[in-house]
Amino acid sequence: MPMRCLNLRVLAAALAAQAVLWGASARAQPVAAPLPPRTADPAVVNSGLDAALFYQLLIAEMELRSGAAGTAYELLLDAGRKTRDERLFQRATDIALQARAGEQALAAAQAWRAAVPGSLDALRYLAQIQVGLGRVVQAKEPLQALLERTPPAERAAAIALLPRHFARAAQLPEVAAMLDAVLQPYLDQPDTRVAALVARARMRLQLREPAQALELARQAQQLDAAAEGPALVALELVGQQPQADTLMAAYLQARPRGHALRLGYVRQLVSLQRYVDAVAQLEEALRLEPALAAGWLSLGALRLELKEPAAAEQALRRYVDLSAGTPASDDPAMAVTAEGLTQAYLMLAQAAESRGQMPQAEQWLARVDDPAAALSVQQRRASLLARQGRLDEGIALIRRLPEDEPEMARAKLLAEAHLLRDQRQWPRAYQVLGQASERFPDDVDLLYEQAMMAEKTDRLDAMERLLRRVIELKPDHYHAYNALGYTLADRNLRLDEARALIEKALSLAPDEPFIVDSLGWVKYRLGQREEALQHLQRAYQARPDTEIAAHLGEVLWVLGRREEARRVWREGQARDASNEVLRETLRRFKVDL
């Protein structure tokens, strides 16, 4: 048995030694592969791997596998010097880096450069290792040499990659200054100036200097409006810098069919809950490319979120139809996937349910055949039952699902609580969430959901206690700050504290529409009506939600702009006539729309 283990170890090391020099040619061919027709004998190319070198590499790999990285490093470095083979130098350098032996890695890279003066990889390794060792100044010369020796046709791409090489540098300000100096000559060259500006911008992103990053991206875009680099920088700054949207608009105007970046922009807008803007981008993309399957799926989801079930159904049906007649595509955005169809069927069922079309909703659910979606399907079926007055049957449907793992048990409890919440059974939902929190203590999502039900049942002390626990567990949970601040403001309690909480939430999630709405609402409660109006208009423009419409309409009404108030209230009512905040507002002002 010991001999068998030794033989296997030697064989593995031998194969590794071969792979270092032979690369892909050392891979075994399939046993049953057919032989090609015989042609003239190819010229024989002898390997540089003689017996002595093979034995040296074999010993090096065996030493490495036994934990003697230092010995392996020395053997491979010596072999590299003898053969001037770049793969051996790289192997030795990588071993030193993996062992966190910076000086040895530097020595190997220097020997590599000396042996192969034209190696771009050696220069790249040298610069990165010098920066990793904190010797930023010494990294400048190899970087300059790297860019000088890179073929002109590849230089812009090499420049674009530089910030990525130093993303984890401990001395980022010094690295940024050094890169600025290295890139200076390329700012005046037509083929590289855009890439150089974008590289500088990306370093400013790493330094968390968003305004400077955006300005550099703007300068790059002025040189080439269709260049992706400036737009990608702007995309990362959407929601942080207002002018980032301007750069995105300029890029999409120059390259209207740049679907990949447009869909990335849509994802960013959705994350900021700027749903109206996201819908506009998707509609433009689909106008230009009707076969953009991912666009129809996303548009359907957004229309559903905006409480526009008819428009959602139309978009989702287009996605389903594409599954039948669209040829296979290498572009993921054009492909209809099994997972996408499952999502589409579930959303179509939800749209049908919201329109009161219960049989149609069940037909869509019947088309879902993904076992992973079992809970989602049963949750939707439970909702259908509840809307028909059979709430307990719906709950039983959820509870009957098997619990193969703790996460499934947690998901079932959340599904039951959401079903009860949607049916306005708030005390029961609060009780279920309390049981869930006992079973899964300090679960931030469960605590937050329970806090929301505590507010609905006028347990304000419990709500505040739960939300403060959420903040303690997750200090950047902006929904918790906003919920507590808004609740205080809505009840005219501790208004200065409410404003501070909402402003804290806004600092964590700038431009989030519901937080902007909360800020407008607390300003209104504080008597600052004009400021309140500005915030509420901005929130409503970003997301025309019915509750935001109720707040905006109230401020317009008390400012004497009653026709505008009626228009906003009518829009909100058209989206969700059952919204309790809007209904209470209309009752209070004795308004009949």
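Mentor: Gln273, the residue with a positive phi near 60 degrees, comes after helix H14. The model is predicted, so local features need pLDDT of at least 70 and side-chain atom pairs count only at pLDDT 80 or more, while totals for chains, interfaces and linings use all residues. Residues are numbered from 1 along each chain as its sequence is written, and side-chain values use heavy atoms, with hydrogens and water left out.

Gln273 sits in the loop that joins H14 (259-271) to helix H15 (275-288); helices are DSSP runs of H or I, at least four residues, numbered from the N terminus. With a relative accessible area of 13%, Gln273 is buried (under 20%; exposed is over 50% and partly exposed lies in between, with a 1.4 Å probe and protein chains only). Apart from neighbours within four places in sequence, Gln273 has contacts (heavy atoms within 4.5 Å) with His479, Glu512, Pro513, Phe514, Ala542 and Arg543.

H14 itself has 13 residues, which should span 18 Å at 1.5 Å a residue, and its end C-alpha atoms are 18 Å apart, in agreement. The expected span is 1.5 Å times one less than the number of residues. Among the buried residues of H14 are Leu261, Arg262, Leu263 and Tyr265. The buried residues of this helix pack against helix H12 (228-237), helix H13 (244-254) and H15.

A search of the whole structure gives six aromatic pairs (ring centres of Phe, Tyr and Trp, the last by its six-membered ring, within 6.5 Å; planes under 30 degrees apart are stacked, over 60 edge-to-face, the rest tilted). Trp521 and Tyr524 have ring centres 5.0 Å apart and planes at 35 degrees, so this pair is tilted. An α-helix has 3.6 residues a turn, so residues three or four places apart point the same way. Trp521 is buried at a relative accessible area of 2%, and Tyr524 also counts as buried, at 12%.

Trp557 and Phe589 form another tilted pair, 6.1 Å from centre to centre with 55 degrees between the planes. This pair links distant parts of the chain, 32 residues apart: Trp557 is in helix H30 (residues 546-558) and Phe589 in the segment after helix H32 (580-588). Trp557 counts as buried because its relative accessibility is 9%, whereas Phe589, at 21%, counts as partly exposed. Together with Trp569, these two residues make up one aromatic cluster.

As for confidence, the chain averages a pLDDT of 90, and 91% of the residues score at least 70; pLDDT is the predictor's confidence in each residue, from 0 to 100. Over residues 1-12 the pLDDT is below 50, and this stretch has five contacts in the model beyond near neighbours in sequence. Residues 22-38 also have pLDDT below 50, with five contacts beyond near neighbours in sequence.

Notes: Helix = DSSP H or I, 4+ residues; strand = E, 2+ residues; numbered from the N terminus.
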